[in-house]
Structure formats: structure tokens, C-alpha cells
Amino acid sequence: MQGAFVDTGAKVGHRDDSSPDRLHCPYRSYNKEEGLMRFPYRVLAFLLSSAFLMAAAHSAALDKNNSPWWAHIKTLASDDFQGRLTGSPGYRKAADYVAGVFEREGLKPAGTDGYFQDVKFEVQTIQTASSRVMLTSGKAAPIDVSEALVLSPGILQRKETKAPLVFAGYGIHLPEEGYDDFAGLDVRGAIVVFIVGGPESIAGAHRAHAIAEVLPHYLESAGAVGVMQIGTPKNREVPWARQKAAGTQPGMVLAEKGLRRYQGEMFGTSFDETKAEMLFAGSGKTFEGLVALADAHKPLPHLKLATTINAHVEAEVAPLTSVNVVGELPGSDPALAPEAVVLSAHLDHLGTGKPDHGNGIFHGAMDDASGIATLLQSAHMFNASKAKPRRSILFLAVCAEEKGLLGSRYFAAHPTSHAGHLIADINTDMFLPLYPLHAVVGFGADDSTLGDDVREVAAKSGVKLVPDPEPDHLVFVRSDQYNFVRKGTPAIMLQMSPAPGTPQEATRKEWFSQRYHAQADDLDQPVDLGAAEAYTRLVYQLAVHVADQQARPKWKESSYFARFATSPLP
Ligand SMILES: [Zn+2]
């Protein structure tokens, strides 16, 4: 999963090694894969099949040596794959592994070159040591603020920028919704400063859309030369030091200009909120006062500030090619087979970095080797059960999710198969099987009939669909399903959800603080393998259900995203 939807830089982190690994219960009885029991008269064949032998093995305790789901993770998150950074040899090796499993499970190559789809990027590496950002306030001498900000690696940076700062509240430009932080504000030639958040009157999805989609276009059309985002102390997800370290990692944009958020270069930054007061010197407003309004989701003022930035940024930009991996199970019903259900997960992770735990490799076992393992196991279940879904199923492993959802953005713009007929995306990213599976959150469940499908399928195994307990975190727009949503395709992502106030909830929180985008997301962590297998069966059963039912999934009229079905985004 992406660190934050507006900051496309990778996040690196630290682990508190003083805290002990938690105990967990990996023992759970194994239910035979659906479909194996459909032909009771073929008992003999069944007994002799390897599927039976595997099922028999699993009716004993599941451990990391006999879980087929974990076996994929054990490979992909091993040292050999070097953290699967998009475009790296480790990533390529992972892509070859996935293609090999697709082939073994009988999927048809559905890329542009066998199972692969080339995705071309520009990679930007910022030379922080030779870059300098100075802030001038009134007649005072300029001060060096280079340490107080991160130059966004995912925005192609201008080399020289000398410009006044303009404060644009939350940076939300939605005049048709009656809210415009830019009304009467001249931003030509200026750096636009905004606080991440939004007024109560604008729903979370609108806010996310305003910042991720509307703001870049607006800034460029209005002639702004820079953008500076500031979080509030309350909403900080990772410590500033982690964010600062992430700024040294290379960023990527798609080579195809039309698919980029910014068409040209920008002075793009995030500013440390603990130092932000200095930006507002002489403006008649204090950052502290603005944060109080933001924390209460009140409207913010917008005004010209009394400060100026003078920046010199050195960066290298080089081309890079990586791949998405696509396999297809063709549909069996001539009328419905032209339509395809996409099962997706991201194959990339953060590569390597300064060692914070062990050997400096970001293994990404949960993020998102776990989702890839579920994808591969789903392919195996279709193969083993000889299921013949009516619609086609596309198995999609994408690159560059961690660089700003770029591989899926490219695929959604250029589907290699069934273009114009992708009817659903079921995405799996970091579903976190840390305890037994009783409930899932369905990101996007309220937006389309896919939520009803999940409810129906999950109920059969006693799993509940529960509401998102953290809607302000906007997870629905922070993983690959969002790129299908942008194109008008109903999408859903399921994550395991702990009941509020339980030890499981604490376990999940602890996982985020110690392992999320940290090198401790590795093979040694405790995982509930029974829950992982049960979750994988749920995804498989959902895919079967959506592929087989007569009606294709539909957006709910009440959904904000329904509009993209008639007017998809570029
Ligand atoms: Zn991630």
C-alpha cells in the first residue's frame, strides 16, 4: 500500500527491536478447496490426485513449511529478490517467477509480450547534498530550510525556483461543490502552500479526488510554479525522519506524459509541520491557528504570504522499463466471455536502503508478496477445481505501486486484453492475516454492487463485511483498485478487520508502527496461515461469483465514483 496518496515517495522506517514478536495461533483446520467435492463419484481419481494429498497435509497443522500460500511469500520476500524495486533485477526475477506460476496453472499469456506488458518510466534521483532551499521573510537574511522539507521524488523538479508563497487552505478547488480554496487568489508564478485535510462539508472521497486529481491540473493551468504540502501533527502517519529518508529514494513518473499527474516540472515539496510556523511570519496568521481550524475540519482562509523561496534543485532523470505480468483464464460462456474480471495485486516493493533491521532489504512480505501469493493461489484453485467461469478472469501483477500506483495506471489506460470490457477489479494489498479471519473491510463496498457480492459470498464461511473504521485514511484511493475506479470499473479491496477494542486491533496497530514500510516486514514475522488460506478462498469464491452471475457489477447511484463510468479520467 502507498504511504500517502499525495506523496509518491517511498517510505522507509525503523523498527523498535526491544519489542518482542507476538505469539499467535497459526493452527486452523483446513477446508478442502471448493470444487474438489463437486464430483463425489470420482472418489478414486480424487484420492489419487495431488490436490487430495495437499489437502490431507493441510488437515494437519499449517505451518510455514506446508502452507502453499506462504511458499510464494517465502520465495518472493527472500533476500534473492532484493526487495523487488520496480525496474531492478530483483523485480524482474519476481516477474519471471509469477509468469512461471501462471504458466504452470494453465493461464494463457495475456500481456503484449507473452505474460509481460512493458511499462516505461522516467526515474528521478534528487541530489539532496547539492540542492539548497532558502526562505526569505521580509528584510531578514535568508535561512536555509533544506532540512525542513522533502523534495518530492515523484514530481519532476524545476532546477531554479524563486517565487513567493501563497497559502491556499486545503488546496481544494471544487467550485461546483461550493468550495474553492483558490477563489480570488492569484497563484501565477507562486508556490502554493496547503494543509492536508478538508472541510467537513466535503466528503473524504471528494477531498482525495480534489488533491490527487484536480489540484495538479489546476496549479498548472493557473501558472503556479510550485506546491508545498504540510500535514498536521495529529495526522502524521510516519515520523518526519522516515519521511525525510524516503526523499532520498528515487521517484518515478510514467514515460507517457498524458498519464502523469503533472505535465511539466514543479517545485514539489512536503514541509515539516514542526517548522512550518516560519512560513507564515508577517502574514497575520499563525500555523498553529490554522492547524486548530484544520483539526476541526473548519474552512481555512487563503492569502498571499510574506515569505519567498529561492531553490536550487539538482536531480538526475533517466529512463527505465519494467513490466506488469498478465495471465488469463478465458471465460466459458460465449455471451459473457468477452467481459473480464481482474484480480490484481502489486509485485513491487521498496528495494533496499540503509539497514534498519538486518541486512537493509525491504522484503515486503505482507506488502505485497502476500497479495501476490493470494493471486497465485487463486489461479491454482481455478486450475485444481477445473472451474469454468462464464466470464474471463485476468490475473494481474503490477509494478510501481509503491511509486504512485503507476503500473496499474498504465494497465488501466492500456489493457492488454478485454479493453473496454473490464467489468470489475478485485485487488489484494496487505490484507494482514495476523489473527483468525472473522471480518473484512471492503474498500469500495458501499460504492458498487461488489459490496453485496462480498456480503453474500463471505456469509457462507461465516465472515462478516464491516464498515471501514478509518475512513479519513482514504485507503480506497491508495492502492491499485483506484486506477480501475478512475476508468469507471467497479472495484473492491478486502482487508482483514479486527473488532474494535480487541487485542487484535492492538496487534494490527503495532504491525503498522513496527513493520509497515520497514525492513521488519520480513519472513520472520508471525502470521496466521489459516486466516491467510481462508482469506484466499474468499477472494477465489468472490471471483467465481462475479464471473458467473448474469448481471455485471454496477455502481451505486449514491457513489461519488459512479460519474467515472460515463466520463472516465485520462
Ligand atoms: Zn506499500
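**Helix packing and local geometry**

Analyst: In this predicted model, helix 3 (residues 68-76) packs with helix 8 (residues 365-385) at an angle of about 130°, and their axes are 8 Å apart.

User: Is the crossing of helix 3 and helix 8 left-handed or right-handed?

Analyst: The two axes are 8 Å apart. The handedness of the crossing of helix 3 and helix 8 is right-handed.

User: How many residues of the contact of helix 3 with helix 8 are nonpolar, polar and charged?

Analyst: Helix 3 contributes residues including Trp69, Trp70 and Ile73, and helix 8 contributes residues including Met366, Ile372 and Leu376. Ser370, Thr374 and Gln377 in helix 8 also take part, as does His72 in helix 3. The contact divides into 11 nonpolar, four polar and no charged.

User: Which residue does a cis peptide bond join to Asp368?

Analyst: Asp368 lies in helix 8. Omega of the bond is about -5°. The partner joined to Asp368 by this cis peptide bond is Asp367.

User: Is Glu339 buried or exposed?

Analyst: Glu339 sits in the loop between strand 14 (315-329) and strand 15 (340-346). Its relative accessible area is 14%. Buried means under 20%, so Glu339 is buried.

User: Which side chain does a polar contact join to that of Glu339?

Analyst: Beyond four places in sequence, Glu339 touches Arg391, Ser392, His418, His421, Ile423 and Arg552. A polar contact of 3.4 Å joins the side chain of Glu339 to that of Arg552.

User: What is the phi of His418?

Analyst: His418 is one of the residues that Glu339 touches. His418 lies in the loop between helix 9 (406-413) and strand 17 (422-427). With a relative accessible area of 17%, His418 is buried. Although His418 is not a glycine, its phi is positive, at about 60°.

User: What is the relative accessible area of Leu432?

Analyst: Leu432 is found in the loop between strand 17 and strand 18 (439-443). Its phi is positive, near 55°, in a residue other than glycine. Leu432 is buried, and its relative accessible area is 0%.

User: How many of the 570 residues count as buried, as a percentage?

Analyst: The protein chain has 14 helices and 20 strands. Of its 570 residues, the share that counts as buried is 59%.

Technical notes
Residues are numbered from 1 along each chain as its sequence is written. This is a predicted model: local features need pLDDT of at least 70, side-chain atom pairs count only at pLDDT 80 or more; totals for chains, interfaces and linings use all residues. Side-chain values use heavy atoms; hydrogens and water are left out. Helices (H or I, at least four residues) and strands (E, at least two) are DSSP runs, numbered from the N terminus. Buried means under 20% relative accessible area, exposed over 50%, partly exposed in between (1.4 Å probe, protein chains only). A polar contact is a pair of N or O atoms within 3.5 Å; within protein, one must be able to donate a hydrogen and the other to accept it, and residues adjacent in sequence count only if both atoms are side-chain atoms. Contact means heavy atoms within 4.5 Å. Axes are lines fitted to C-alpha atoms, for helices over the stretch in contact, and angles run from 0 to 180 degrees between N-to-C directions. A crossing is left-handed if the near helix is turned anticlockwise from the far one by less than a right angle, and right-handed if clockwise. Ala, Val, Leu, Ile, Met, Phe, Trp, Tyr, Cys and Pro count as nonpolar, Asp, Glu, Lys and Arg as charged, and the others, Gly among them, as polar.
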